[in-house]
Amino acid sequence: MRNPFAVLRYLRDLANGRDKRHLGHNPAGGAMIVALLVVLAVISVTGVMQLTNRFFGVVWVEDLHHYAANVLLVMIPLHVLGVVISSALHRENLLGSMITGRKALDAPETVTSELREARIFDRIRTSEGVLVLLVAMGVAGAWGVLETGRREVHVVVDEKQPIVESGPSPEATEMSRTAQERAPQKDRLDYVASAPLNASRAWLISSGGRLYDNWFVALGVKGPVTTHVSWPRDNTIISGDQTWCCKSCHGWDYLGREGQYRTGPSATGINGVQRAKGRTPEMLMGILGNSKHGFTDEIMPVDVKYRLALFLSQGQHTARSYIQPDNTVKGNAVQGQAIYENVCAACHGFDGKALKLGVSSDPLYNGVPQFVGSKAAANPTDGLHKIRNGHPGAIMVSLRAFPMEHAANVLAYVQTLPQQ
Ligand code: HEC
Ligand code: HEC
């Protein structure tokens with residue numbers, strides 16, 4: 001390592017074609033190594049930080065991680081270019097030296113003159129540097145493990161089991177009272193946007209699932225007219241209020257860009273929300289108000305955020321465990337038929353054609369009328385979410401209170417219903 005002035009001098013000499021050959025790294029190369037290590041450390045530390053409870057979903061950490069990764073992508077080719085130029089100018093095999101650690105001496109005095117130049121930084125020996133780095137990484141790692149494992153910020157969720165009611169917690173009671181005050185049920189149709197007083201946990205979670213799907217339809221209010229700030233500008237197929245739905249950015253399978261929305265008109269490159277599983281609502285409610293989301297308490301009341309958070313924490317299922325890449329469902333259609341005929345057929349009809357489903361703006365359907373059978377076949381991930389949580393803005397049941405496999409079984413049967 002050389003001091004910064006030596007690096008600048010070297011770069012000037014290089015530009016003039018007067019650069020000297022060096023036995024270790026040349027000054028620019030040494031600076032590049034330090035810069036690479038610093039950027040890598042920033043990426044690693046901010047990466048671990050995002051796994052911890054304290055920094056989960058914190059915007060500056062996410063952004064720093066993101067930009068540092070991009071800076072690294074610029075530095076890598078510069079570094080390779082430097083190696084190529086240096087090798088060509090001095091007609092030597094730098095790549096070989098990197099592997100063997102050897103370079104040919106021009107003359108014995110080069111060693112002493114290089115050491116004289118390297119006064120400031122040459123005291124730090126590699127072994128000491130590595131030791132400091134290892135200790136720092138150990139401390140950061142131990143801290144990360146402790147933070148990630150903090151009990152009070154996690155609940156254990158077994159998604160296969162029905163929700164075990166634990167009786168109303170003071171928090172849940174307060175939240176459902178607020179919801180009920182805002183939207184009391186006066187007649188049957190109010191079921192859509194209304195809330196029970198002292199709601200069961202299963203209801204709070206399924207309601208959160210409908211809000212995840214489309215919160216403004218679920219609440220019976222008008223959605224924002226502008227396009228959401230985090231919506232990627234190059235995706236113009238979807239715009240306006242639809243870009244404010246959690247599912248539009250994070251996906252029906254909760255996996256974002258790593259799941260169903262990897263490609264296609266809904267691809268946004270945004271992460272999923274699976275890491276929210278098991279975290280306490282307070283942590284998750286904060287994320288909704290951050291600058292990436294902009295769900296202020298005016299746009300989205302606190303009790304609504306609470307239900308969403310509860311859904312993210314305790315209501316997400318692993319879609320891939322039930323739906324195969326070719327859209328077939330791992331479920332028992334014979335069992336599913338029994339549920340369908342006794343529950344779903346009351347509204348959808350025995351053949352699934354009693355309700356013509358609104359042709360959504362979803363380009364998947366090309367304006368063709370849809371029935372429950374065709375929707376479940378074309379987009380089973382969406383279907384599974386709706387069967388588990390209900391359909392926002394509609395009088396439709398939710399199977400949230402029953403074991404997960406019931407939902408998968410009924411979905412498998414619904415796929416066999418007439419498509420047209
Ligand atoms: C316009 C797109 C958009 C919408 C709509 C949106 N989000 Fe996000 N969300 C993001 C972005 C961007 C991030 C930051 C992670 C990333 O860069 O991928 C994020 C992160 C999150 C995280 C943290 C995930 C993690 O692992 O760090 C949670 C939880 C979350 N969102 C929940 C929600 C919920 C609930 C809603 C609906 C009320 C919602 N989001 C709506 C874009 C969106
Ligand atoms: C009380 C009546 C009712 C019952 C019972 C009912 N549904 Fe629905 N369902 C609806 C309504 C209303 C809609 C929304 C239709 C619309 O406007 O798109 C809907 C929508 C759906 C959708 C979403 C379609 C879409 O547009 O994406 C699926 C899937 C579905 N129902 C499956 C089922 C299954 C499976 C059952 C049985 C477990 C069931 N439904 C029970 C009334 C009902």
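## The iron site

The iron atom of ligand 1 sits in an octahedral site, with angles of 87 to 179 degrees among its six donor atoms. For reference, six octahedral donors would ideally show angles of 90 or 180 degrees. Keep in mind that this is a predicted model.

On the protein side, His250 and His293 coordinate the iron atom of ligand 1, each through NE2, at 1.9 to 2.0 Å. His250 belongs to helix H9 (residues 246–250), while His293 sits in the loop between helix H10 (281–288) and helix H11 (302–314), so the pair ties together parts that are 43 residues apart in sequence. Both His250 and His293 are buried.

## Polar contacts to the ligand

A polar side-chain atom of His250 is 2.8 Å from a nitrogen atom of ligand 1, and for the side chain of His293, an N or O atom lies 2.7 Å from a nitrogen atom of ligand 1.

## Who lines the shell

There are 24 residues around ligand 1, and the ones that come nearest are Cys246, Cys249, His250, Asn271 and His293. Sorted by type, the shell around ligand 1 has 14 nonpolar residues, seven polar and three charged.

As for helices, H9, H10 and H11 each put at least two residues into the shell around ligand 1. Which helix gives the most to that shell? That would be H9, with three residues.

How values were computed
Residues numbered from 1 in each chain as written. Chains lettered and ligands numbered in written order. Predicted model: local features only at pLDDT ≥ 70, side-chain atom pairs only at ≥ 80, totals over all residues. Heavy atoms only, no water. Donors = N, O, S within 2.8 Å, 3.2 Å for Na, K, Ca; no water. Tetrahedral: all angles 85-135°; square planar, octahedral: opposite > 155°, others 65-115°. Helix = DSSP H or I, 4+ residues; strand = E, 2+ residues; numbered from the N terminus. Buried < 20%, exposed > 50% of the residue type's maximum accessible area, 1.4 Å probe, protein only. Near = heavy atom within 4 Å. Polar contact = N/O pair within 3.5 Å; in protein donor to acceptor, adjacent residues only side chain to side chain. Nonpolar A, V, L, I, M, F, W, Y, C, P; charged D, E, K, R; others polar.
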